[in-house]
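Me: Could you walk me through reading a chain interface and a helix pair?

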There are 2 protein chains.
Amino acid sequence: MNNYSKSLTSQWFKSLQLDICKEFEKIEAEYLSNYQKFSNPIFINSDSPVKFQFKKWQRSEEQKESNSLEIEQDFGGGEMSKMKGNVFEKVGVNFSEVYGEFSPEFCKKIPGTENSPKFWASGISLVAHFRSPLVPAVHFNTRMIKTEKSWFGGGSDLNPIFPNQEDTDNFHNAFKKACDLADSSYYPKFKKQCDEYFFIKHRNVSRGVGGIFFDYLNTDNFDADFNFVKNAGKAFLQVFPTIVRKSFHENWNEEQRAEQLRKRALYAEFNLIYDRGTKFGLMTNGNIEAILMSMPPIACWE
Amino acid sequence: MNNYSKSLTSQWFKSLQLDICKEFEKIEAEYLSNYQKFSNPIFINSDSPVKFQFKKWQRSEEQKESNSLEIEQDFGGGEMSKMKGNVFEKVGVNFSEVYGEFSPEFCKKIPGTENSPKFWASGISLVAHFRSPLVPAVHFNTRMIKTEKSWFGGGSDLNPIFPNQEDTDNFHNAFKKACDLADSSYYPKFKKQCDEYFFIKHRNVSRGVGGIFFDYLNTDNFDADFNFVKNAGKAFLQVFPTIVRKSFHENWNEEQRAEQLRKRALYAEFNLIYDRGTKFGLMTNGNIEAILMSMPPIACWE
C-alpha cells in the first residue's frame with residue numbers, strides 16, 4: 001500500500017461522487033420535465049431542475065489546535081454535496097480524505113496502530129431520503145483506511161417504507177454480481193454481515209431489507225480488492241437509479257407519508273445509537289454537517 | 001431504607017404523575033374554551049378537551065424469560081400517560097416501579113452492587129413538546145434507586161426555542177427555592193451539574209437554558225432527602241404551567257415553527273447519544289414505548 005494506491009483510491013471515490021451526483025440530478029430533471037404525468041408533484045423549483053450544492057471542508061485535530069506554536073497543519077478534509085429536490089427530499093454524497101493521528105483510546109479499537117497512531121482514510125458516503133414514501137431510502141459507502149495495516153470497508157442497504165420483492169431482488173442481485181466477480185464467498189458473507197449490522201436491537205427489527213456490508217477487507221492483493229470496491233460502486237450506480245425511476249412517479253397518500261416519517265425515526269435511532277461511522281465521526285472531531293447529513297430531513301416519533 | 005420508605009416514595013411519584021396530568025389537562029381545557037382569542041388555534045378535537053391516555057406495562061428480564069422452568073416472575077413495571085393535544089403536541093408522564101437484578105456488566109457502574117445485583121427503582125419522568133414554538137419544551141424527572149445503597153436522583157431543564165429571561169428566571173427561581181429549603185449549597189451545585197449534563201458535545205451547544213440535575217443524593221437523612229425531592233416536584237408543578245400559560249396563546253409563524261423543528265433535532269440527538277436514562281432503558285430491556293416517549297413528535301435535520 002503505497003502513495004500511488006492512496007491517490008488511486010481517493011481519486012476513484014471522488015469520481016464516483018461526481019458520477020452519482022450527475023445521475024441523481026438527471027433523475028430530478030426527468031421528474032420536472034414529466035411532472036404533468038405525475039399525481040404528487042412537489043415543486044421546490046419548477047423553473048429549472050435542482051442541482052447538488054458542493055461544500056468543501058477542512059479537518060482539524062483537537063489536540064493540535066491547542067498547540068501553542070500555532071503551526072497550521074493539514075489534516076485533510078472533504079467535500080460534501082447535498083441536494084434537496086422534488087424527488088430527493090434530502091440526499092448527501094460525501095467524499096473525504098483525512099489523515100493524522102488517532103487518540104490513544106481510539107487506537108485500541110483500530111488494527112495496525114500498535115507502533116504508530118498515524119492513519120490515512122478516504123471514502124465516499126451517501127444517504128438519500130425521498131419525498132415519495134414509495135421510493136426506498138438508501139445508504140451506500142466505501143472507504144479505505146490505512147494505518148500500519150490497510151483495508152477496504154463499505155456497504156449499502158436499502159430502506160423501503162413498503163418493501164416489494166422486485167426492488168429487494170434487484171438491489172441484492174446487483175451487489176451479488178459485483179461480489180461474485182471477486183469471490184463467490186463474498187455475497188453470502190457480506191449479506192449476512194449487513195443483516196447483522198443494520199439490526200435495531202432495542203426495537204428488535206431490521207432497519208431495512210439489507211444489502212452488503214464488509215470491513216477489514218485485505219486479501220494481500222490490492223488490485224483485486226480495489227476492483228471489488230469499484231465494482232460495488234458501479235453496482236450501486238447501476239441499480240439504485242433504476243429502483244428510483246420505477247416508482248418516483250407513483251401516486252402516494254398522506255397515510256403512506258406518515259408511515260415514512262415513522263420509519264425514519266428508526267433510521268435516526270440507528271444512526272445515533274449504533275452506526276459506527278457516525279460514532280467515529282462524533283468521537284474524532286469530525287465535520288458535524290457531513291456526519292449528520294445522513295439524518296432524515298423530517299422524522300416523527302408519535 | 002425499608003419497605004415503608006419504598007412504598008412512600010413510589011406512592012409520591014405516582015401521585016405527582018396524576019397531579020401533573022390533571023394540571024396539563026386543565027391547560028388544554030382553558031385553551032379550548034378561549035380559542036376565539038388565539039391566533040393559532042389548532043384543533044385535534046374541538047368538541048371536548050383532550051385528556052391523557054394511560055397505559056400500564058409490565059417489565060420482564062431477558063435472562064429470566066429464557067428460563068426453561070417458565071416460572072412467571074414479577075419484575076415490576078409502570079404506567080405511561082401520554083397526551084397529544086392542541087397545546088401539548090406530545091407530552092409523556094411516566095411512572096415506574098421496577099426491581100430485579102442488574103447484569104454483571106451493569107453492576108460495575110452502579111454503587112452498592114458489590115455483594116448483590118439486586119435493585120429496586122421507582123420514579124417519574126416527564127417530557128413535553130408544544131405545538132407553539134413560543135412555549136418551551138421541558139423535561140422533569142425524579143427517582144429513587146435502591147441496591148445495598150440507596151439514593152435519590154432527578155432534575156429538570158427548560159428548552160425554549162427562543163429563550164426569554166423572564167421564563168428562564170422563573171424556572172430557575174422555583175427550583176432554587178426548593179433547593180434552598182433543604183441546603184443552600186444544593187442550587188449552585190445542581191445548576192452546574194445540569195449545565196454540564198445537558199451539553200451537546202458534538203455541537204458544542206447547551207441543550208436548553210438549564211435547571212437542576214442531581215444524583216446519588218443520600219445525606220443519611222431519608223426524610224430530609226425525600227422532602228427535597230417532593231419540593232422539587234412541587235416546584236415543577238407550580239412554575240411550569242405558569243410558563244405555558246404565559247405564551248400558549250401568542251401568535252407564531254412558520255419560520256418560528258421551522259426553527260422549533262430544527263431545535264428538536266438537537267433534543268433527539270442528546271437523548272439518543274448522551275442521555276443516561278435512555279441508555280439505561282435501552283440496555284436493560286426497558287419498555288421502548290416509555291423510554292422513547294421523550295422523543296420529539298416531529299424533528300427536522302435539514
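Here is how the reading goes.

Reply: This is a predicted model, where local features need pLDDT of at least 70, side-chain atom pairs count only at pLDDT 80 or more, and totals for chains, interfaces and linings use all residues. Residues are numbered from 1 along each chain as its sequence is written, chains are lettered from A and ligands numbered from 1 in the order written, and side-chain values use heavy atoms, leaving out hydrogens and water.

Me: What area is buried between chain A and chain B?

Reply: Buried area is the accessible area (1.4 Å probe) that two parts lose on being put together, summed over both. Here that's about 1800 Å², with carbon and sulfur atoms giving 69%. On chain A's side, Leu272(A), Trp301(A) and Glu302(A) supply 33% of what that chain buries against chain B, more than any other three residues.

Me: How many residues does each chain bring to the contact?

Reply: Contact means heavy atoms within 4.5 Å. Chain A brings 20 residues and chain B brings 20 residues.

Me: And how many salt bridges cross the interface?

Reply: Look for a side-chain nitrogen of Lys or Arg within 4 Å of a carboxyl oxygen of Asp or Glu. By that rule, there are zero between chain A and chain B.

Me: At what angle do H4(B) and H5(B) cross?

Reply: Helices are DSSP runs (H or I, at least four residues), numbered from the N terminus. Axes are lines fitted to C-alpha atoms, for helices over the stretch in contact, and angles run from 0 to 180 degrees between N-to-C directions. The axes of H4 (residues 165-182) and H5 (residues 186-197) of chain B come within 8 Å and cross at roughly 130 degrees.

Conventions:
Helices (H or I, at least four residues) and strands (E, at least two) are DSSP runs, numbered from the N terminus.
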